[in-house]
Structure formats: C-alpha cells, structure tokens
Amino acid sequence: MALLGGRHMRAGHSSGERLCTLNRGLLTHGRGLSQRSQYTKNHGPLHISEVRDKLREIVGISTNWRDHVKAMEQRKLLHNLLAKSQKALPPRKMKDSFIEVLLPLGTDPELRDKYLTVQNTVRFGRILEDLDSLGVLVCYMHNRNHSAMMSPLSIVTALVDKIDMCKQSLSPEQDIKFTGHVSWVGKTSMEVKMKMFQLQNNEDYWPVLDATFVMVARDSENKGPAFVNPLIPETAEEEELFRQGELNKGRRIAFSSASLLKMAPSPEERNTIHEMFLNTLDPKTISFQSRILPPKAVWMENTKLKSLDICHPQERNIFNRIFGGFLMRKAYELAWATACSFGGSRPFVVTVDDIMFQKPVEVGSLLFLSSQVCFTQDNYIQVRVHSEVASLESNEHMTTNVFHFTFMSEKEVPLVFPKTYGESMLYLDGHRHFKSMSVPVTLKKDYPVEP
C-alpha cells in the first residue's frame with residue numbers, strides 16, 4: 001500500500017470484482033510524488049473549490065463576465081511566450097504534474113448538498129465536472145513556466161478516453177480524494193491519468209474510479225495548436241505508463257478508422273443485423289414490411305429522451321466557452337434517466353468512454369441533448385447521448401459531442417431492436433463500445449470491514 005496525505009490507499013478486492021487498476025507504478029510513484037513534488041510539498045492537497053480558482057489565476061481570466069472580452073484581449077500579449085518547437089521546452093517528469101485534491105464531503109455539509117442525490121449517494125455528474133477541471137490543472141502544472149505569471153497556453157479537454165467505476169455508489173458522508181498526473185505526451189497533446197479514492201471507516205482511502213483524459217494545448221487565443229513540454233519517465237513503472245499511452249493513441253486511431261461512419265460493418269456484424277431483422281418479421285404475413293417485436297424486447301425508437309438547456313455565463317470555463325464538465329454532467333444525467341426509465345430500476349454507471357469534444361459550445365447557445373438506449377445485454381444498458389447546439393439567432397444545429405455510457409441495472413433488462421438502417425448502425429456502434437469493456441463487471445456495494 002502507498003501512503004498518501006497521511007492515510008492509506010488500498011486496492012483490496014475479492015475474486016470476480018472489477019479492479020480499479022491501481023497501477024503499481026502510480027501507487028509507488030504517488031507515494032514519491034506526495035513527498036517530493038514541489039507543489040504538493042509546499043501546499044498540500046488542494047480543496048476542490050481551489051481548482052478552478054487556480055486555473056483562473058494561471059490563465060489570468062477575470063471572474064466578472066462583463067470583463068471577459070478585455071481579459072481575452074490581454075491574453076493576446078502572451079503569444080510571444082509560446083515555444084517555436086518542442087525542443088525549446090525543458091522536459092518534465094511525472095511527479096512535476098502530480099496533484100492531490102480533497103473533496104471534504106464528510107466535514108462540509110454545505111458542499112455535501114451540492115453532491116447529494118435523493119438516494120443519498122454522490123452525484124456522478126458532479127464528479128465528471130471535477131475530473132475535467134483537475135485534468136486541465138494537471139496539464140498546466142506539467143507546462144508551468146516559473147518565470148511567467150500567466151501561462152500562454154490554452155489547455156482544453158479533447159477526449160475522455162475511459163472512466164471505469166469499481167464501486168456501485170459513493171457515500172456522501174465520507175471525504176473523497178482525487179489524484180492526477182500527466183502519463184504521456186505528444187507534441188501538442190497530453191494524456192492524464194486520474195484516480196479517485198473515498199475514505200472508509202474514517203481510516204483508509206479505497207479506490208473507486210480510474211480515469212484517462214486526453215488534453216490538447218492551444219495558443220494563447222485558443223486558435224491554433226501549441227507545443228507542450230516533453231515527458232521523461234524515471235522508472236520502469238513510469239515507462240510502462242508512457243508505453244500504455246502510446247498504445248492508447250494507436251487504439252483510438254484504429255477505432256476511429258473502423259468507424260461505421262467511414263466503413264461498412266464487418267461480415268459478422270452484417271449477419272447480426274440481418275438475424276435481428278428476421279426475428280422481427282411477422283410469420284403470419286411473410287412480408288418484409290410487416291414487423292413485430294420478439295418477446296421481452298423494445299424498439300430502439302421508443303427509448304429516447306431529450307432535453308434543452310440555455311448555456312448561461314455561469315457555466316463558462318476559463319476561456320469563456322461552456323465548461324466541458326457541465327456538458328458531461330448534463331449528458332450523464334439524461335443518460336441515467338434514460339437507463340432508469342428503460343430498465344425499470346436504479347442503474348449504476350460502470351464505464352464512460354470515447355467522449356470526443358468536437359466543437360466548443362459558446363455561451364448563450366441552446367444545448368440540445370438526445371439520449372437513446374442503443375444496446376443491451378443481460379442487465380447492462382448501453383446509452384448514447386448526442387449533443388448539438390444552435391445559437392439564439394439561428395436554427396442551424398451543429399453536433400458538438402457524442403457521449404457513451406454503460407450502466408448496470410439491478411435486474412435483467414429487455415433487448416432493443418432497431419427498425420431502420422441508421423438505428424442498426426447505432427446498435428452496432430453501441431455493441432462495439434460495450435465489447436471494449438471487460439465483462440462481467442461486479443461493482444462493490446461496499447468495502448469489507450477489517451477486523
């Protein structure tokens with residue numbers, strides 16, 4: 001076990017349970033980071049409320065909305081601080097970006113209310129917001145320039161590669177701790193590994209979540225790419241983390257290349273869709289036009305839920321666009337409602353993956369979210385949420401994000417059947433995301449109490 005912040009972090013588990021991959025390198029490294037990282041040594045864990053304050057300080061953005069245009073104009077002056085090549089930037093180590101953040105739910109009742117669900121658990125949508133802010137701050141720590149008061153970089157979330165849960169629900173009455181650090185670096189992009197732990201028995205922090213985000217660096221005006229500091233692994237464990245980052249990049253490229261928006265389904269997938277189509281034909285009419293549902297099944301078109309939000313300045317990020325964490329929270333909550341309505345029981349999130357931030361969302365936009373069950377198996381529900389925006393002056397809609405959530409219901413759920421070719425592609429895409437997850441998954445209801 002590794003000592004972090006005066007408490008123990010344990011990766012206790014039993015047979016058949018999903019392990020939050022408390023990578024040996026991160027555990028060992030985390031201990032060294034908490035002792036040697038200059039930032040954490042001098043300041044200790046940040047309070048969750050300090051994360052966004054720290055980001056505003058690094059970027060130099062005013063907290064007043066009316067001053068945002070002037071603040072962005074001042075950032076133009078930072079353009080000459082940008083490196084002309086990556087070689088001009090000093091290399092960094094993983095410990096340089098390591099951060100601990102405390103979410104003191106157990107000792108701050110006012111903060112707890114913000115994170116509380118009606119089932120007396122922690123709102124996962126709020127956790128998504130915190131992870132997004134932490135990921136950006138981690139990258140600024142990796143690229144910080146001690147000679148400059150403000151960073152010339154605009155660092156934004158490009159992709160949520162994977163978030164894995166290993167606990168069914170979180171207690172709103174126990175403190176939570178986040179850790180994060182840069183684990184891989186390209187020329188203008190960075191992979192961030194984050195973990196979340198919750199205090200158990202007022203004694204030990206136990207792992208509850210693993211997350212991998214990909215961030216990109218842009219210039220001071222957020223208009224073009226910018227170089228980031230290279231990363232040098234120090235140990236064999238860190239080299240393995242870096243190698244895994246390279247593999248993750250290759251996997252994402254391969255997954256994108258095989259997208260059903262670019263390539264036809266595989267022969268096996270085509271057979272699956274054709275077999276599902278045959279199972280919906282009415283044997284009485286023997287006609288391609290007459291469709292009936294098999295027993296314990298639902299048409300995909302009947303699983304949709306939609307929502308609309310006006311994007312107010314309150315939800316802006318440090319660059320005066322809508323905060324990515326807000327978008328993830330709204331998408332997750334709609335997906336959860338969809339899974340709950342479809343499955344007829346309370347669903348538990350298992351995995352979030354492949355959230356690509358395609359376009360920024362401007363303050364004042366209308367945010368349209370459309371959620372749909374696209375694949376089911378046993379008690380698993382795969383939900384896809386499509387996000388698009390329109391300005392108040394225009395009816396033109398643009399896609400900004402597609403979110404993928406895997407839920408586990410308390411009981412077996414119906415099968416979903418597509419009617420159209422487009423729905424069939426959604427079904428196959430949902431199946432692909434589901435297959436990328438290790439199943440079956442056993443989420444811990446609680447950690448064992450040690451004698």
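Q: Which side chain meets Lys195 in a salt bridge?

A: Side chains of opposite charge can pair when their charged atoms come close. In this predicted model, Lys195 meets Asp210, with 2.8 Å from N to O. Lys195 belongs to strand 7 (residues 189-200) and Asp210 to strand 8, so the pair ties together parts that are 15 residues apart in sequence.

Q: Are Lys195 and Asp210 buried or exposed?

A: Lys195 is buried, and Asp210 is buried as well.

Q: Which residue forms a salt bridge with Asp161?

A: That partner is Arg252, and the closest N and O atoms are 3.1 Å apart. Here the pair links distant parts of the chain, with Asp161 in strand 5 (residues 154-165) and Arg252 in helix 7, 91 residues apart. Buried means under 20% relative accessible area, so Asp161 counts as buried at 7%, and Arg252 does too at 18%.

Q: What about Lys93: which residue does it form a salt bridge with?

A: Lys93 pairs with Glu234, where the closest N and O atoms lie 3.5 Å apart. Lys93 sits in the loop between helix 4 (68-75) and strand 4 (99-103), and Glu234 in the loop between strand 8 (204-218) and helix 7 (236-257), so this pair ties together parts that are 141 residues apart in sequence. Lys93 is partly exposed at 35% relative accessibility, and Glu234 is partly exposed at 37%.

Q: How many salt bridges does the count come to?

A: The count comes to 14 salt bridges. Some share partners: Arg126, Glu129 and Arg329 are joined into one network that way.

Methods:
Residues numbered from 1 in each chain as written. Predicted model: local features only at pLDDT ≥ 70, side-chain atom pairs only at ≥ 80, totals over all residues. Heavy atoms only, no water. Salt bridge = Lys/Arg side-chain N within 4 Å of Asp/Glu carboxyl O. Helix = DSSP H or I, 4+ residues; strand = E, 2+ residues; numbered from the N terminus. Buried < 20%, exposed > 50% of the residue type's maximum accessible area, 1.4 Å probe, protein only.
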